[in-house]
Amino acid sequence: MTATARRATEEVAWHALSDGNRRRILALVRDEPRAVGEVAARLGMSQQIASHHLRVLHGAGLVVERRDRQRHMFVVSTDGLAAVRDFLADFWPAQLHSLKRAAESAARRPKSRRRSA
């Protein structure tokens with residue numbers, strides 16, 4: 001995937017995740033496939049609204065749709081979350097390095113100064 005395509009994928013995913021209802025839906029379909037009606041009932045929204053949010057999540061690649069006879073079942077797509085995960089993962093090395101420096105600095109201080117700090 002090119003850098004431009006990756007950024008576009010990230011943008012679509014972040015847009016989809018910017019809505020609290022869609023984040024609630026993702027949490028609900030994280031562990032098992034659920035039908036639109038079940039999502040709507042559990043989250044206290046109409047099926048039309050639930051369906052809209054699921055379409056946005058599906059378009060962003062964050063959920064996959066499976067058919068179970070007449071029912072449309074939705075479940076989280078770990079592949080779709082990869083762009084978001086990769087974006088956030090870039091922040092951890094710098095943060096861990098800062099934490100390591102702070103811990104090493106605290107360990108080098110004399111014990112009497114550590115207690116009062």
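Me: Arg 69: buried or exposed?
Reply: This is a predicted model, where local features need pLDDT of at least 70, side-chain atom pairs count only at pLDDT 80 or more, and totals for chains, interfaces and linings use all residues. Residues are numbered from 1 along each chain as its sequence is written, and side-chain values use heavy atoms, with hydrogens and water left out. Buried means under 20% relative accessible area, exposed over 50%, and partly exposed in between (1.4 Å probe, protein chains only). Arg 69 has a relative accessible area of 80%, so the class is exposed.

Me: Where is Arg 69 found, and what is its phi?
Reply: Helices (H or I, at least four residues) and strands (E, at least two) are DSSP runs, numbered from the N terminus. Arg 69 sits in the loop between strand S2 (63–68) and strand S3 (71–76). Arg 69 is not a glycine, yet its phi is positive, at about 60°.

Me: How many salt bridges does a search of the whole structure find?
Reply: A salt bridge needs a side-chain nitrogen of Lys or Arg within 4 Å of a carboxyl oxygen of Asp or Glu. Arg 85 with Asp 86 is a pair that forms one, with closest N and O atoms 3.8 Å apart. The search of the whole structure gives a count of six.

Me: What separates the closest N and O atoms of Arg 42 and Glu 38?
Reply: Both residues lie in helix H3 (residues 36–43), four residues apart, which is about one turn of the helix. Arg 42 is exposed at 53% relative accessibility, while Glu 38 is partly exposed at 25%. They form a salt bridge, and the closest N and O atoms are separated by 3.2 Å.

Me: Which residues are linked with Glu 38 and Arg 42 in a network of salt bridges?
Reply: The pair Arg 42 and Glu 38 forms a salt bridge. Glu 38 and Arg 42 belong to a network of salt bridges that also links Glu 32 and Arg 34.

Me: Which residue forms a salt bridge with Glu 65?
Reply: Glu 65 is partly exposed, at 32% relative accessible area. The closest N and O atoms are 3.9 Å apart, and the partner is Arg 67.

Me: Arg 22 is buried without a salt bridge; what is the nearest side chain of opposite charge, and how far away?
Reply: Arg 22 is found in helix H2 (residues 20–28). Lys and Arg count as positive and Asp and Glu as negative; His and the chain ends are not counted. The nearest opposite charge is on Asp 19, at 4.4 Å.

Me: Which residues does Arg 22 touch, beyond those up to four places away in sequence?
Reply: Contact means heavy atoms within 4.5 Å. Residues up to four places away in sequence are not counted, which leaves His 15, Ala 16, His 52, His 53, Val 56 and Leu 57.

Me: What separates the C-alpha atoms of Val 56 and Arg 22?
Reply: Val 56 is in helix H4 and is partly exposed at 22% relative accessibility. Setting aside residues up to four places away in sequence, Val 56 touches Ala 16 and Arg 22. Val 56 and Arg 22 are 34 residues apart along the chain, and their C-alpha atoms are separated by 8.4 Å.

Me: How are H2 and H4 oriented to each other?
Reply: Axes are lines fitted to C-alpha atoms, for helices over the stretch in contact, and angles run from 0 to 180 degrees between N-to-C directions. H2 and helix H4 (residues 47–59) pack at about 80°, with axes 10 Å apart. Angles under 35 degrees count as roughly parallel, over 145 as roughly antiparallel, 65 to 115 as roughly perpendicular and the rest as oblique. H2 and H4 are therefore roughly perpendicular.

Me: Which residues of H4 make the contact with H2?
Reply: H2 brings Asn 21, Arg 22, Ile 25 and Leu 26. H4 brings Ala 50, His 52, His 53, Leu 54, Val 56 and Leu 57.

Me: Val 39: buried or exposed?
Reply: Val 39 lies in helix H3. Apart from residues up to four places away in sequence, Val 39 touches Ile 25, Leu 28, Val 29, Arg 34 and Ala 50. Its relative accessibility is 0%, so Val 39 counts as buried.

Me: Which residues are in contact with Glu 10, leaving aside neighbours within four places in sequence?
Reply: Glu 10 is in helix H1 (residues 3–17). At 11% relative accessibility, Glu 10 is buried. With those neighbours left aside, the contacts are Ala 83 and Phe 87.
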